[in-house]
Amino acid sequence: MATKKTAKKKPAAPKKKKTKKGTSQELMATVFIMGKAHKVPAEATIMGAIEYAGYQLKRGAGCREGFCGACATVYRLPGDYKIYTGLACTTLVKDGMWLAQLPSFPGQKAIYDIDKIKPNVETIQMLYPEVFRCVACNTCTKSCPQDLEVMDYIQAAMRGDIATVMDLSFDCISCGMCAIRCPAEIVQYNVGLLARRLYGKYLSTKSKALEKRLGEMKRNKYAKEYKELMKTNKKDLKKKYYERDTE
Amino acid sequence: MYPDYMSESLQKVTQSRNKRFELAKSGKAVFPPMNAEEREDVLNKFHPDYKAESRRKIRIGPNKGELLTTEVADILESHSRITSKLFDLSTPDYETDILIIGGGGGGCAAAIIAQQMGAKSIISTKLRLGDANSMMSQGGMQAAVTPQDPPTRHYLDAIGGGHFDNKPELVRALTEDGPEVVKWLEDLGVVWDKAEDGTLQVLHGGGTSRKRMLSCRDYTGAIILRTLMDEVRNHPEEITVLEFMPIIELILDHKGQCAGGVLYNLETEEYFTVKAKATIIATGGYGRLHIRGFDTTNHYGATGDGLVMAYKAGARLLYMDSVQYHPTGSVFPEQIAGFLITEKIRGAGGQPINKYGELFVFPREPRDVESSAFIRECLERKNGIKTPSGRVGIWLDSPLIEMLQGEGYINKQFPAMHRQFIRYGIDITKEPMLVYPSLHYQNGGIEINEKTETNIRGLFVAGEASGGVHGRNRLMGNSVLDYNVFGRRAGKYATDYIKKAKIGKLTLEHVDKYEKELRDARIKTDRVAPVLLPSYTPEDVRKRQLTACYEGTLR
């Protein structure tokens with residue numbers, strides 16, 4: 001269970017295992033980390049396997065839960081010509097897997113003033129003209145570990161359809177896999193990010209209730225009530241808290 | 001896929017679901033919420049903080065004699081990586097207006113505000129910009145934006161959730177700035193979940209009396225932080241980002257003001273000095289210290305570095321005896337043990353269910369109470385479900401959400417959660433998840449006031465590294481709000497401060513002094529802190545690394 005010390009030492013290795021290459025009946029797999037063979041638990045994640053093999057990660061690890069995109073990994077499998085991509089933190093090892101992590105990959109990021117651009121195709125043309133080099137090969141989509149329709153949102157960007165780019169790229173974690181595979185040398189994740197910002201700022205309908213609340217705050221409507229609450233002793237505050245109604 | 005032996009229990013969850021659905025739909029409370037006495041009782045008996053060995057007296061420094069979380073006391077009673085004589089501080093390698101330590105949400109927000117007000121800054125970050133817990137928050141951000149929810153109600157919820165230990169002026173700042181932060185983020189381009197007419201979508205969280213949780217699907221943190229990072233990168237002239245370059249000690253001046261810090265290049269292993277008129281610590285929390293041996297929801301770099309350097313420089317800590325365990329960390333499959341399962345699941349109607357298919361606690365108690373109730377259900381009442389690797393957990397019934405909110409809701413609102421489990425053959429629209437509390441948040445931290453000032457002039461703190469905002473228990477959605485509110489405030493007040501600040505002669509003498517305190521207190525340890533990165537190297541590998549020197553958690 002969760003309070004056992006071993007949980008933090010070897011997150012990917014099941015607990016029964018005491019020694020690394022011992023005689024335990026646990027299933028092991030051979031993976032080639034940057035070409036070098038290591039025996040690791042067959043059910044480990046790639047990240048777990050790399051650490052199990054003795055590497056102290058500096059690059060190639062971040063949130064470790066599939067949100068930050070730090071651990072982009074490319075691999076091949078025996079007898080298979082394909083290039084596979086995945087996040088090391090959430091992809092399981094396979095026997096014979098040959099893998100390498102991407103420590104960093106250069107990608108152009110346009111510098112712009114969000115207050116001075118418009119949510120239209122001209123902005124895309126100005127900031128990321130290479131988008132129009134897209135040859136619709138769909139490699140970006142195939143390489144996305146989040147299974148996003150990357151090519152579709154790049155096509156939408158070419159049409160200036162900012163809302164679709166926002167929607168399709170929403171779950172993007174900027175791991176960069178699309179960009180390294182793209183023959184047109186597009187940095188898809190930055191195009192998605194630009195479109196989401198344009199949508200949030202210019203295209204989403206504004207909340208009337210929020211505007212009203214901001215007006216109230218400007219007029220200091222709650223200042224008196226705050227003062228009273230802050231003065232209230234703990235006993236009375238407790239009473240108020242436990243008696244409050246719930247929506 | 002769940003192993004066969006769990007199918008009997010899974011069936012019981014399915015069997016009780018209709019009845020639970022009817023009750024939830026009726027609008028009545030699905031389970032009676034605990035009163036003050038019941039809360040206290042379950043906390044005292046089952047919260048990990050209340051175990052005798054979970055705290056110990058700190059023997060040196062500003063909080064000397066206080067009981068702190070044991071692992072925190074350990075890293076505070078540690079050696080520095082450096083001594084003052086290694087450095088010539090008369091010619092600093094970098095000079096800037098504001099040194100911002102940490103490239104998460106708080107650091108980015110501070111840099112943006114400082115830039116708008118005309119100050120230059122350096123963001124020093126241990127990993128990449130944005131490698132932070134801010135990136136991982138899923139469920140949402142609290143802010144009082146509906147007519148029935150005045151910000152003062154948010155204040156009451158937050159201070160009650162924190163057991164009335166929160167500093168009132170900080171809770172006021174947190175809740176009063178909330179609506180403005182929503183607007184600020186939207187103006188920067190954050191895409192909030194909304195209805196077509198622009199109404200912001202709000203849900204309940206644990207301990208909220210009004211629906212107040214704003215969200216961006218279940219990628220709330222990722223959407224907000226990537227927006228802030230992008231804005232930071234739009235100002236390369238004013239904001240310098242140094243990645244894989246953590247600050248490992250603060251630099252003071254001869255008047256005791258904070259005046260910068262010492263950088264460590266993780267890759268080339270060089271040290272550099274930064275002179276700054278003001279310094280902001282935004283280093284986040286400490287989940288990777290694995291307090292009490294718990295798994296954690298936290299990112300790789302969450303090792304409490306800011307606490308250590310601030311403490312050595314003389315900053316006071318507040319509530320460093322209090323740890324937050326998130327009620328719903330994953331326990332199955334083993335590969336995702338400890339991973340965060342957003343509280344939004346319960347906000348949307350998901351329920352915690354024991355092995356007999358029974359709801360055993362109100363699903364939205366404050367986190368410490370909810371976690372304690374889960375632990376009681378598993379350890380005392382033995383109503384948990386064992387996993388093949390020996391963990392124990394209870395069900396978090398997500399299919400109920402689809403019944404309550406309509407089919408397709410999970411795919412639309414919880415894409416990250418759905419992805420996390422479908423990889424392992426578990427479809428959370430049809431099957432529940434197995435959960436147990438996971439180490440999540442540092443409730444306390446470096447004491448600040450509403451201007452984010454500390455007891456050291458020129459040192460500001462924002463976000464999880466600070467203490468006082470959340471008392472001894474934070475509510476869901478208040479940390480995303482926290483780093484925005486106090487990150488912005490730190491940027492503002494640090495910029496105000498530098499207009500008048502006069503920095504004297506730089507010194508690292510406090511580091512030597514602290515080392516002497518360790519000796520005088522006869523503390524013998526091989527620990528070195530800041531920890532920087534946790535080590536997951538197996539013991540037998542370590543044994544073969546004959547020339548590697550392990551000190552504490554450091555290689």
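In the predicted model, B:Ile98 stands opposite B:Ser121 in S4(B). Residues are numbered from 1 along each chain as its sequence is written, and chains are lettered from A in the order in which they are written. Because the model is predicted, local features need pLDDT of at least 70 and side-chain atom pairs count only at pLDDT 80 or more, while totals for chains, interfaces and linings use all residues.

Strand S3 (residues 94–101) of chain B runs parallel to S4(B), and four bridges join them; strands pair if DSSP finds at least two bridges between them. Helices (H or I, at least four residues) and strands (E, at least two) are DSSP runs, numbered from the N terminus. Strand S4 (residues 121–125) of chain B is largely enclosed by the rest of the structure, because five of its five residues are buried (20 or more other C-beta atoms within 10 Å of the residue's own, C-beta atoms being placed from the backbone). B:Ser121, B:Ile123 and B:Thr125 point one way from S4(B), whereas B:Ile122 and B:Ser124 point the other way. In a regular strand the side chains alternate between the two faces of the sheet.

Chain A holds eleven helices and five strands, and 41% of its 247 residues are buried. Helix H5 (residues 150–159) and helix H8 (residues 188–203) of chain A pack at an angle of about 55°, with their axes 10 Å apart. Axes are lines fitted to C-alpha atoms, for helices over the stretch in contact, and angles run from 0 to 180 degrees between N-to-C directions. The contact (C-beta atoms, placed from the backbone, within 7 Å) is made by A:Val150, A:Tyr153, A:Ile154 and A:Ala157 of H5(A) and by A:Gln188, A:Val191, A:Gly192 and A:Ala195 of H8(A). These residues divide into six nonpolar, two polar and no charged; Ala, Val, Leu, Ile, Met, Phe, Trp, Tyr, Cys and Pro count as nonpolar, Asp, Glu, Lys and Arg as charged, and the others, Gly among them, as polar.

H5 and H8 of chain A are also among what covers the buried residues of H6(A). In helix H6 (residues 162–169) of chain A, the buried residues are A:Ile162, A:Val165, A:Met166, A:Leu168 and A:Ser169.

The contact between the chains takes 74 residues from chain A and 84 residues from chain B. On the side of chain A that touches chain B, H8(A) gives the most, with seven residues. By class, that side has 33 nonpolar, 14 polar and 27 charged residues.

Terms used. Two residues are in contact if their C-beta atoms, placed from the backbone, lie within 7 Å. A residue is buried if 20 or more other C-beta atoms lie within 10 Å of its own, exposed if 12 or fewer, and partly exposed in between; C-beta atoms are placed from the backbone.
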